[in-house]
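This briefing is written for a reader who has the sequence and the model at hand. Please consult both while reading the points below.

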Amino acid sequence: MGTPKLKMLNLLLLLTFTEICAAQNDITLSVFTVTSKSMTVLWSSYTGASSYKITATPKNTPGQPVFAHFSGNVVTGSVISLSPNTIADTEDTTAPEVPSIEQAYSKNSDSITVEFTEVSGATSYILRAQSESGDYFSEMVVLSSPGTVVKLKPYTDYRLSVMSVNSGGRSQPSYPIEARTVVMAPQLNTTSPNNASIVVTWPPVENAVLYMLCIIQEGSSSRVKLNTTDTTVNFNDLAAGTTYCIKGTAWDSEDHTSSSPDVTLVQVSPGRSIGIAVYWLLVQGAENYSVWTTNAYNKAGPSSPSQPVDYITYPCPPENIWVEEPEAGNCSVVWDSVPMVEYYMAFIKRDDGTEMSCNTTETTCQFSCMCGYTYLTSVFPYNKAGSSPFADVSNYTTIPCCPQGVTIQLVSTETLEINWLPVKGAELYQTTAAQTNDVIHCNDTAPVCALSDLKCDTAYSVTVTPCSELRGCNHTCTPHTQKTAPCAPEILNMTQSNNSTYRIHITTPNTPNTNYTIKATGRFATHTCQTTNSSCELTQLPCGSSYDVIAVAITSVGRSLPGFSKTLETGPCCPTYVNVTQVTQAMTNVTWSPGSGARSYVTSLTSPRGHAKCHTLDTHCLMGCITCGTDYSVHLEAISSTGHKSECKYYGFSSGACCPTSMKLYRMRSYSLRVSWRSLGPQTHNHTVDLYGTGANYTCTAAAGSKHCDIEERTCGDVYKVVAAPVGQDGIKVSFCQPRTYSIPCPGNNAGMLISRGRRSVD
């Protein structure tokens, strides 16, 4: 099954429909960097966009899309929470999942073995080791678990982590684990004073508290072990002329041990020969060896001792190797002098695979070094015995290169966007401007920066400084200059020249040759004028209109922000009509036509028995506190955005008759029901009573002044919903009176039971 892919589905701009279509054709999108769970993308800017939306959707596998929103002045961003080891359709691959360390242990004094979990999609792994003191750091590549970090110091604490690697890059480091190398193995020296014993001695091992020696006879599986805190041991009662293997182990205070890799062989010659053969392994740090014997004896007496012979071993590697760079591009690898050396071979390997070497009798070697590269240096000393079998590797990273292709674009009036090409060796970029006292505006890994909150109509000298963790920052890069947009002019005052002409006076805060445009925007029309001076005239402005007047400065760099607006108006117009509709007994709905130039309205209903008022931005409002059966006068006040008012009067309004109160339903005789009530206000209205039962409906009418109405019931024991309402002079029944529900038992109990009161509705 193929690896899941991510497809960039949308780059959505908040524009009109036609602008969206145009934007999709004009915008380009590219992937900049990827990690295990994130992807950073770049896109081209589009004029007029207020925001961007980046969506990443798994391709060919089910999964929810991931998206992120960015403001309109941003052209780079990261989408997070992606699936590890997932290929994007731009052929960029996210880094693998982060592995985890299972255990780390040391068997030799110069190495630590790390066992870790292998992750899907990884092609290799990087083991990272750093000493607790911070004076050592290294990375080495392994193909699988376990991996071993070498060239470490004995009995030293290290912090270890592992990263997975594929074509998409390396993952984040795993959670670190601490481990300590074991103590150095004892360097054994042996002598055989006679044909039945061997004496083993060794220099004290730093941090060792106990030694264990094991002796094994050649051809035998038996072995003898002993523990000691001394640095010398005698093995007695041995077989003459026999080879023995002796192994030494040192223990530290935490019971950690390091075995000696050396094997000591001693053979006493049997038979009549009067010689002895001694074999030994090379000892680290030894420059020569001296071998001597005691006198040989026979019946005639002792012989003379043999002459000592000197033997020169290969030289040790230099203790310290470092690189000096007195000036950019001119480097030298330098090392400590080593005794017993005829010449040195220095090897320099650049991280792109380029190799250099030099042969010298000095302790320095010059080479040309380019910015942004890491150089691995090692030195092998030579003498007549050959070269040192190993050498320490020293890392040196040159200062990162200055960015190329730097472009500065004005993305808003006071914001500059800086883009550049990534450079080798840079882990971080710092962007500064001399006019802001070199304050760091961006400190990021992405090759893009936005300098915002700048001064208008000002030229800025912008510098992009690349930095690395090992070498710091390169402060020799050339600055680039870009000017911001002009400052916004402000309206000082507006004077009326005639009925339809106004002169607008503005400030001129920019350099000469700046154009100014003044725009007056009304509800139905827009008027403009241009000038290079401090004033211009707006003409043909109709009365009864309101305008927002703003001023904008324009130069070759761009447009300024609009200045603060001021309102120019002649006063609002009264609405052409006002309608009042009664919704309930105590509430009305008032509507009116819009008034030209009016932003808000104050509507009031006034009568001797009280008044109601509302203040709104709409052309309608609901008003309570209405008294039934009352005549009201209607007033409306139109108010402009600047506080101009117009008083408007309209025809009066009469509220509907009052609904009856204290309504009761009870039985008069066997099949006669009576509805009674109390009336509010003048007794000049007829009343209509409607009974809605489950078995039948009834209606009765009461004349003006009457307070009850009788109904002949056809069946008993029913539940009724009762509505009593006055009837107006026009014969229309009031529609907002509240219903009540009663249960009337059969004859024998003439009391009606009120079950519920109806709820007033505004429908």
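The model is a predicted one, in which local features need pLDDT of at least 70, side-chain atom pairs count only at pLDDT 80 or more, and totals for chains, interfaces and linings use all residues. Residues are numbered from 1 along each chain as its sequence is written, and side-chain values use heavy atoms, with hydrogens and water left out. The chain contains 1 helix and 66 strands, and the structure holds 13 disulfides.

**Overall make-up**

- Helices (DSSP runs of H or I, at least four residues) and strands (DSSP runs of E, at least two) are numbered from the N terminus; the count for this chain is 1 helix and 66 strands.
- Of the 763 residues in the chain, 40% count as buried, where buried means under 20% relative accessible area, exposed means over 50%, and partly exposed lies in between (1.4 Å probe, protein chains only).
- Contacts are defined by heavy atoms within 4.5 Å; among contacts in the chain with a separation of 6 or more, 56% come from residues 24 or more positions apart.
- The chain exposes about 41,200 Å², with carbon and sulfur atoms supplying 51% of it; accessible areas come from the Shrake-Rupley method with a 1.4 Å probe, and for residues only the protein chains shown count as cover.

**Hairpins**

- Two strands count as paired if DSSP finds at least two bridges between them.
- Strand E10 (residues 124–131) and strand E11 (residues 137–142) run antiparallel and are joined by 6 bridges.
- Glutamine 130 has phenylalanine 137 in E11 as its bridge partner.
- The hairpin of E10 and E11 has 5 residues between the strands, and glycine 134 in this hairpin takes a positive phi near 85°.
- Strand E16 (residues 189–194) pairs with strand E17 (residues 197–201) in the antiparallel sense over 4 bridges.
- A hairpin through 2 residues joins E16 to E17, and threonine 190 stands opposite valine 200 in E17.

**A four-stranded open sheet**

- An open sheet is formed by 4 strands in the order E48-E47-E50-E51, with antiparallel pairing.
- Its edge strands are strand E48 (526–531) and strand E51 (566–569), each of which pairs on one side only.
- Neighbouring strands of this sheet are turned by 25° against each other on average, direction ignored; axes are lines fitted to C-alpha atoms, for helices over the stretch in contact, and angles run from 0 to 180 degrees between N-to-C directions.
- Strand E50 (residues 546–554) and E51 run antiparallel and are joined by 4 bridges, with valine 549 opposite lysine 566 in E51.
- In a regular strand the side chains alternate between the two faces of the sheet.

**Threonine 501**

- Threonine 501 belongs to strand E46 (residues 501–506).
- Its relative accessible area is 8%, so threonine 501 is buried.
- Leaving aside residues up to four places away in sequence, threonine 501 touches Thr495, Gln496, Glu537, Leu538 and Thr539.

**Disulfides and cysteines**

- A disulfide is identified here as a pair of cysteine sulfur atoms within 2.5 Å.
- Cysteine 402 and cysteine 477 form a disulfide with their sulfur atoms 2.1 Å apart.
- The torsion about the S-S bond of cysteine 402 and cysteine 477 is about -95°, so this disulfide is left-handed.
- Cysteine 402 lies in the loop between strand E36 (394–397) and strand E37 (404–412), and cysteine 477 in the loop between strand E43 (472–473) and strand E44 (480–483), so the pair ties together parts that are 75 residues apart in sequence.
- Cysteine 477 is buried, with a relative accessible area of 10%.
- Cysteine 659 is joined to cysteine 737 by a disulfide, S to S 2.0 Å.
- This bond between cysteine 659 and cysteine 737 is left-handed because its S-S torsion is about -95°.
- The pair links distant parts of the chain, 78 residues apart: cysteine 659 is in the loop between strand E58 (645–654) and strand E59 (661–669), and cysteine 737 is in the loop between strand E64 (719–727) and strand E65 (740–743).
- Cysteine 659 is buried at a relative accessible area of 10%, and cysteine 737 is buried at 8%.
- Cysteine 700 and cysteine 709 are joined by a disulfide, S to S 1.7 Å; cysteine 700 counts as buried at 8% relative accessibility, and cysteine 709 counts as buried at 6%.
- Cysteine 573 is partly exposed, with a relative accessible area of 32%, whereas cysteine 625 counts as exposed at 64% relative accessibility.
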